[in-house]
Amino acid sequence: MERENQFIGQSGAFLDAVERASRAAPMSRPVLIIGERGTGKELIAERLHRLSSRWGEPLVTMNCAALPETLIEAELFGHEAGAFTGATKARAGRFEEADQGTLFLDELGTLSMGAQERLLRAVEYGEVTRIGASRPTRVDVRIVAATNDDLPALAKSGEFRADLLDRLSFEVITLPPLRVRDGDVGVLAEYFARRMAAELDWHGWPGFAPHVMAQMEEYAWPGNVRELRNVVERAVYRWDDPETPIAHAQFDPFDSPWKPASPSHRRSEGGAPPTASIPGGTGGGAQSGGTVPPGVDFETIDDLRSAVDAHERAIVEHALGKHRWNQRQTAKALGLSYDQIRHAIKKHGLMEEVGGKADP
């Protein structure tokens, strides 16, 4: 499981998690990795393996959610020829493949109760029995498991074996979501952007416009680092002028005036179409030029005029970036005249932010 991604970050919460993984790596004990999607659970699992005495042995990965329940046990423990329909020859399971090495079980919380019972025996006694076999096979495997589920809650409700949880939780490493990693959004965005610029054979890296970086800093990143990487790389490859700072980033790749209606909207009769949503805002209409990314904190604005000005500035700034700071195209997208967009740009001081860039 070689990963091209590296550990990038400087926040205390992130460095603490990496340090805990480094300390646990030499211990030949099970480790649970807890974290939201996109937080880097696979990278931590690889670190645990590479820094252990098993680093020269196999690191075998199995996504427990990627297989139907009927095949999980056969994948984990293997099977003999004729054990079930379609088993034309014997096959070693992931445990046998990982002998002397590390077995990484992703999405552990999706395992069936039957698979959990057999996994408990493998962890307890170091033995696995292929489906259809009469004798167990000894294995020496270190278990590293990952999940975004609340396993103690599942154990309390009877959906996960408490005794298995006890055996797997020698060490628990909980990864912080990106939204709490102070300062890491900018560091990661620069890293991913420079790498994409090099892939596109750009001669230099122009950076991000201040308002784009502010939007990324304020966004909640529900998909964490994986989502950030997609947003940044998409913004770089869509930007046509490598000499000027990137002034537009699309956070939702599905946002489009032509996207199909949801099933609930298709079933409704005679209802008005929904307005475009504005993350961090209050909604928008056709004149907004599309969904506006976060950038306005209305809770900190005391009066109506300031709130309206801040909202207007966010819409104009986003539309300018989306249309490469072409004022005529921006005016058309917002339903304004050229003089009106010029007035709005001057009113909010947007020309100063990009050095007074004019239409091509």
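Author: Here is a walk through the rings first, and then through a few other spots.

Before we start, keep in mind that this is a predicted model, where local features need pLDDT of at least 70, side-chain atom pairs count only at pLDDT 80 or more, and totals for chains, interfaces and linings use all residues. Residues are numbered from 1 along each chain as its sequence is written, and side-chain values use heavy atoms, with hydrogens and water left out.

First, the big picture. The protein has 15 helices and seven strands; these are DSSP runs, numbered from the N terminus, with helices (H or I) of at least four residues and strands (E) of at least two. Of its 360 residues, 44% are buried, meaning under 20% relative accessible area, while exposed is over 50% and partly exposed is in between (1.4 Å probe, protein chains only). Take the contacts (heavy atoms within 4.5 Å) between residues at least 6 apart in sequence: 71% of them join residues at least 24 apart.

Now for your rings. A pair of aromatic rings is described by the distance of the centres and the angle of the planes. Rings of Phe, Tyr and Trp (its six-membered ring) pair if their centres lie within 6.5 Å; planes under 30 degrees apart are called stacked, over 60 edge-to-face, and the rest tilted. Searching the whole structure turns up seven aromatic pairs. One of them is phenylalanine 77 with phenylalanine 95, a stacked pair at 5.7 Å centre to centre and 10 degrees between the planes. Phenylalanine 77 sits in helix H3 (residues 69–77) and phenylalanine 95 in helix H4 (residues 94–97), so this pair ties together parts that are 18 residues apart in sequence.

For another arrangement, look at tryptophan 205 and phenylalanine 208: they form an edge-to-face pair, 5.2 Å centre to centre with 75 degrees between the planes. Tryptophan 205 and phenylalanine 208 are both buried, too.

Then there is a group: Tyr219, Trp221 and Phe251 make up one aromatic cluster. Tryptophan 221 lies in the loop between helix H9 (210–218) and helix H10 (224–238). With a relative accessible area of 0%, tryptophan 221 counts as buried. Its phi is near 50 degrees, a positive value in a residue other than glycine.

Rings can also have a charge sitting over them, which here takes NZ of Lys or CZ of Arg within 6 Å of the ring centre and within 35 degrees of the ring normal. Arginine 181 lies over the face of phenylalanine 14, at 4.0 Å from the ring centre. Arginine 29 does likewise over phenylalanine 170, at 5.8 Å from the ring centre.

Glutamate 80 is partly exposed, at 26% relative accessible area. Apart from neighbours within four places in sequence, glutamate 80 is in contact with Ala87, Ala90, Arg130, Ile131, Gly132 and Ala133. Glutamine 100 is in the loop between H4 and strand S3 (102–106), and has a positive phi near 75 degrees, again in a residue other than glycine. Its relative accessibility of 38% makes glutamine 100 partly exposed.

Histidine 248 is in the loop between H10 and helix H11 (263–267), and is buried at 15% relative accessibility. Leaving out residues up to four places away in sequence, histidine 248 touches Val212, Ala235, Trp239, His318, Gly321 and Lys322.

The axes of H13 (residues 327–334) and H14 (residues 338–347) come within 9 Å and cross at roughly 105 degrees; axes are lines fitted to C-alpha atoms, for helices over the stretch in contact, with angles from 0 to 180 degrees between N-to-C directions. That makes H13 roughly perpendicular to H14, a label for 65 to 115 degrees, with under 35 roughly parallel, over 145 roughly antiparallel and the rest oblique. On the H13 side, Gln327, Arg328, Thr330, Ala331 and Leu334 meet Tyr338, Ile341, Arg342 and Ile345 of H14.

Finally, helix H2 (residues 41–50) is mostly covered, with eight of its 10 residues buried. Among them are Lys41, Glu42, Leu43 and Ile44.
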